[in-house]
Amino acid sequence: MNDNQPHGVGAPVQASAPVQISAPASGTASASAAGSFGLARQSQIFQDGLKGVLPALPVDPQALEQAAQAVMTPQARGYLDGMPGTMRANLDAFAAWNIVPRMLRGVQTRDLGVTLFGRQYPAPVLLAPIGVQSIVHPEGEKAVARAAATFGLPVVFSTASSFSLEQTAAGMGDSPRWFQLYWSKSQAFNASVVTRAEAAGCEAIVVTLDTFMLAWRPLDLQNAYLPFMQGVGLANYFSDPAFRAELAEPPEQNPQAAVRHFLGIFNNPALTWDDLRWLRERTKLPILLKGILHPDDARCSLDCGIDGLVVSNHGGRQVEGAISALDALPAVIEAAAGRVPVLLDSGVRRASDVIKARALGAQAVLLGRPYLWGLALGGEAGVREVLGNLLADLDLTLGLSGYRNFAELDRSSLVRAAR
Ligand SMILES: Cc1cc2nc3c(=O)[nH]c(=O)nc-3n(C[C@H](O)[C@H](O)[C@H](O)COP(=O)(O)O)c2cc1C
């Protein structure tokens, strides 16, 4: 397998030439070790300014999004998009809460670290599973994994990736990684890919529940575009021995048949809670369910022996008019009753969002589109820039809100915004 090519049949779309990134204050997010990660990065940016050097990417998330939109192909732009109402709801839900900063609390030493499933992570931020990343940059998942490894932030590998999980893992040393499973109709593939994820050092399995069929996505339909049809985003399938054993000819010889087989096994609307027992018996890794929005589903998850929940509406890409993830969070937290960690995904754009999610009880958040915008604009360096900025913002905003660590945040750290 060529390590420098996405493992797919269709040619990846070259989105944009990499841009030059000034690299202020890279390294881990351990604020206390460096005095302050946030201050160091901020100071570096201002010093660069004296030499006429501006940050290579927009610092503001909205400006970052606009810049990324401008360099992506219309097809990629459409694929990143979602249903307008649900996407807006995700962002509005964060705006509906305000942090109430506290003063004079001796916050000169801050620790952004969190523990999940007995493991220490540098910040309560994971990179959400995002498939088919070669449509915005040829280095795709490999670039993202290397950038995340710079900070030791965990990456959740998608089942539907442009590079195989082994190719992606190869570039990130010991840095943490989880695996997201799309539960296909082929139990042989499901079993095989979970075993591969374990072998590649993944520390948890995240089962995405909300995408057992692709939604009616207006832009993708308008563009008549689905990357999988071109064999893009199928690296984990095409490289999988169990998937290959189900084909009459290998994908390299008959890519169309391999794509057809993928399309035949991907949709799986027959899944029920009972099916989870099969996975529970197959792996000792913590299992999280992604896409939980209803408290009753949180209770069902606990009954099935699930280890963690990810409250998410898939970034608004599945059900238009769905409840925002943040609005769904409190009831899910209550249903989970402290028995398993609850993570929040969908709509996280800036540090204050992370703080709000933590204050409402989420143990960590999944960062999605923002790192993809960085990837589209600057490849690995672009993702590093986005992650570094988020961590610096997190360090400073946590301290300025009056907290030394995330354990100090609770519901009293927030008020409902005046409308
Ligand atoms: C282009 C794109 C591809 C995605 N692919 C996957 C995927 O393969 N598996 C998955 O569980 N979620 C996938 N997601 C959903 C993300 O994991 C996450 O839930 C979403 O990006 C959160 O919304 P936000 O980016 O607006 O914060 C994808 C999202 C986008 C935008």
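Biologist: Where does Ala337 lie in this predicted model?

Modeller: In this predicted model, Ala337 lies in the loop between helix H14 (325-336) and strand S10 (342-345).

Biologist: Why is Ala337 called exposed?

Modeller: Ala337 has 10 C-beta neighbours inside 10 Å. A residue is exposed if 12 or fewer other C-beta atoms lie within that distance, and Ala337 therefore counts as exposed.

Biologist: What is the phi of Ala337?

Modeller: The phi of Ala337 is near 50 degrees, a positive value in a residue other than glycine. Most residues other than glycine have a negative phi.

Biologist: Where is Ala224 found, and what is its phi?

Modeller: Ala224 is found in the loop between helix H8 (218-222) and helix H9 (235-238). Its phi is positive, about 50 degrees, although Ala224 is not a glycine.

Biologist: How do you know whether Ala224 is buried or exposed?

Modeller: Ala224 has 9 other C-beta atoms within 10 Å. The limit for an exposed residue is 12 or fewer, so Ala224 is exposed.

Biologist: What makes Pro138 count as buried?

Modeller: Pro138 has 20 C-beta neighbours inside 10 Å. A residue is buried if 20 or more other C-beta atoms lie within 10 Å, and Pro138 therefore counts as buried. Pro138 is found in the loop between strand S4 (125-127) and H5. Between the C-alpha atoms of Pro138 and Ala376 there are 9.3 Å in space, while the two residues are 238 apart in sequence.

Biologist: Why are H5 and H16 called roughly parallel?

Modeller: Helix H5 (residues 140-151) and helix H16 (residues 369-400) pack at an angle of about 15 degrees, and their axes are 9 Å apart. Angles under 35 degrees count as roughly parallel, so H5 is roughly parallel to H16. Their crossing is right-handed.

Biologist: Which residues of H5 and H16 meet?

Modeller: From H5 come Ala143, Val144, Arg146, Ala147, Ala148, Thr150 and Phe151, which meet Tyr371, Leu375, Gly379, Glu380, Val383, Arg384, Leu387 and Leu391 in H16. By class, this contact has 10 nonpolar, 2 polar and 3 charged residues.

Biologist: What makes H1 and H16 oblique to each other?

Modeller: The axes of helix H1 (residues 37-50) and H16 come within 7 Å and cross at roughly 120 degrees. Roughly perpendicular covers 65 to 115 degrees, and roughly antiparallel requires an angle over 145. H1 and H16 are therefore oblique to each other. Their crossing is left-handed.

Biologist: Which residues make the contact of H1 with H16?

Modeller: On H1 the contact is made by Phe37, Gly38, Arg41 and Gln42, and on H16 by Gly388, Leu391, Ala392, Asp393, Asp395 and Leu396. The residues of this contact divide into 4 nonpolar, 3 polar and 3 charged.

Biologist: How do you know that helix H15 is mostly covered?

Modeller: In H15 (residues 351-359), 8 of its 9 residues are buried. The buried residues are Ala351, Asp353, Val354, Ile355, Lys356, Ala357, Arg358 and Ala359. Gly361, with a positive phi near 115 degrees, follows H15.

Biologist: Which residues come nearest to the ligand, and how does its shell divide by class?

Modeller: Of the 22 residues around the ligand, Gly131, Ser158, Gly315, Gly368 and Arg369 come nearest. By class, the shell has 7 nonpolar, 11 polar and 4 charged residues.

How values were computed
Residues numbered from 1 in each chain as written. Predicted model: local features only at pLDDT ≥ 70, side-chain atom pairs only at ≥ 80, totals over all residues. Axes fitted to C-alpha atoms, helices over the stretch in contact; angles between N-to-C directions. Helix = DSSP H or I, 4+ residues; strand = E, 2+ residues; numbered from the N terminus. Left-handed = near helix turned anticlockwise from the far one by under 90°. Contact = placed C-beta atoms within 7 Å. Nonpolar A, V, L, I, M, F, W, Y, C, P; charged D, E, K, R; others polar. Near = placed C-beta within 6 Å.
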